[in-house]
Amino acid sequence: MNYRHAFHAGNFADCMKHALLVWLQQAMVLKPAGVFFMDTHAGIGRYDLASDAAERTGEWHQGIALLTNPPAELSDYVGLVRALGLYPGSPALIRARMRPQDRLACCELHPDDAATLRRLFARDPLVSVHRRDAWEAIGALLPPAEKRALVLIDPPYEAPDEFARVAQGLRHGVSRFRSGVFAAWYPVKHRLPPREFHLALRHSGIRDIVAVELWLRAPLDASRLNGCGLVVVNPPFGFVAAAEAILQALLDRLGTDEAGAGFSVERLVDE
Ligand SMILES: C[S@@+](CC[C@H](N)C(=O)[O-])C[C@H]1O[C@@H](n2cnc3c(N)ncnc32)[C@H](O)[C@@H]1O
């Protein structure tokens with residue numbers, strides 16, 4: 001477990017994942033019934049962008065730093081980032097919009113990161129932090145008592161078989177809770193792994209899947225993070241149009257003039 005999110009917090013991939021996450025959560029808290037939020041790979045919850053780690057890569061300078069004057073499509077997300085002070089990871093973003101009837105379970109396997117996250121939510125009755133394996137937790141924590149759930153799956157893709165594990169995790173999660181909303185982030189370095197991932201999902205038996213991607217350049221050099229994607233199972237009503245608007249806004253501000261910069265919103269499997 002070498003991956004530490006502190007080096008990458010606030011980069012373009014975080015902006016994409018977090019802007020869509022904020023939209024998904026907002027869509028789910030419109031109805032009064034409580035929602036169970038699950039963050040399977042939670043990290044430490046918030047990040048100091050002035051830290052040595054963040055400055056060593058400087059990735060946030062090409063991400064959240066460029067969203068100073070956000071358009072309407074990004075104003076919810078950027079507004080939360082500003083309000084929360086330190087750059088919020090997914091647990092802090094989710095927690096910010098939770099209501100008393102909602103619940104958040106965070107899983108983090110790295111002992112130091114799990115301890116940091118536990119301290120962050122130590123006195124919070126709505127949040128539980130589990131130092132446990134995400135893939136095991138999906139089986140253990142689903143289905144929730146609440147009738148509605150949003151599950152964010154955001155692994156580090158250190159393992160060569162991570163795409164296959166995410167596809168398997170989605171299958172497992174949906175088999176435990178068919179009506180849950182699942183959002184799984186993935187890197188786009190080279191074209192082939194995401195294509196195979198999409199193919200696996202098309203043949204998974206899971207219904208109602210949309211995949212969105214944002215590319216900074218054509219995914220030809222596998223040693224670089226050229227883009228990223230989010231697969232959403234059971235997307236809330238309006239997701240496709242909202243994702244198109246959010247990705248266009250991100251591309252306008254974070255995109256490069258390199259060949260192949262762009263975005264896609266693709267329905268992989270019908271409802
Ligand atoms: C990409 S980071 C998460 C970032 C976070 N979701 C956010 O958006 O702020 C991935 C995290 O997963 C943790 N991790 C890696 N393998 C795991 C596993 N099998 N179960 C739970 N956590 C894991 C890593 O320690 C790392 O903190």
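**View 1. An open sheet of eight strands, in the order β5-β4-β1-β6-β7-β9-β8-β10, has mixed pairing.** Strands pair if DSSP finds at least two bridges between them, and strands (E, at least two residues) and helices (H or I, at least four) are DSSP runs numbered from the N terminus. Because β5 (127–130) and β10 (262–269) stand at the edges with a single partner strand each, one side of each has no neighbour in the sheet. From one strand to the next, the twist averages 15 degrees; axes are lines fitted to C-alpha atoms, for helices over the stretch in contact, and angles run from 0 to 180 degrees between N-to-C directions. The model is predicted: local features need pLDDT of at least 70 and side-chain atom pairs count only at pLDDT 80 or more, whereas totals for chains, interfaces and linings use all residues. Residues are numbered from 1 along each chain as its sequence is written, and side-chain values use heavy atoms, with hydrogens and water left out.

**View 2. Strand β9 (residues 227–233) pairs with β8 and with β7.** Seven antiparallel bridges link β9 to β8 (residues 209–215), and Ile 209 is placed opposite Val 233 of β9. The pairing of β7 with β9 is also antiparallel, over seven bridges, with Val 232 in β9 as the bridge partner of Ala 183. Seven of the seven residues of β9 are buried, that is, under 20% relative accessible area, where exposed is over 50% and partly exposed in between (1.4 Å probe, protein chains only). On one side these are Gly 227, Gly 229, Val 231 and Val 233, and on the other Cys 228, Leu 230 and Val 232.

**View 3. Helices α1 and α6 lie across strands of the sheet.** Helix α6 (residues 134–141) lies across β1, β4 (103–107), β5 and β6, and runs at about 165 degrees to β1.

**View 4. Tyr 77 is in contact with residues including Asp 14, His 18 and Tyr 87.** Contact denotes heavy atoms within 4.5 Å. Leaving aside neighbours within four places in sequence, the contacts of Tyr 77 also include Cys 15, Ala 19, Val 22, Ile 64 and Leu 67.

**View 5. The ligand is surrounded by 21 residues.** The closest are His 18, His 41, Glu 108, Asp 133 and Asp 154; near means a heavy atom within 4 Å. Polar contacts are pairs of N or O atoms within 3.5 Å; within protein, one must be able to donate a hydrogen and the other to accept it, and residues adjacent in sequence count only if both atoms are side-chain atoms. A polar side-chain atom of Glu 108 is 2.6 Å from a ligand oxygen atom. A polar backbone atom of His 41 lies 2.8 Å from a ligand nitrogen atom.
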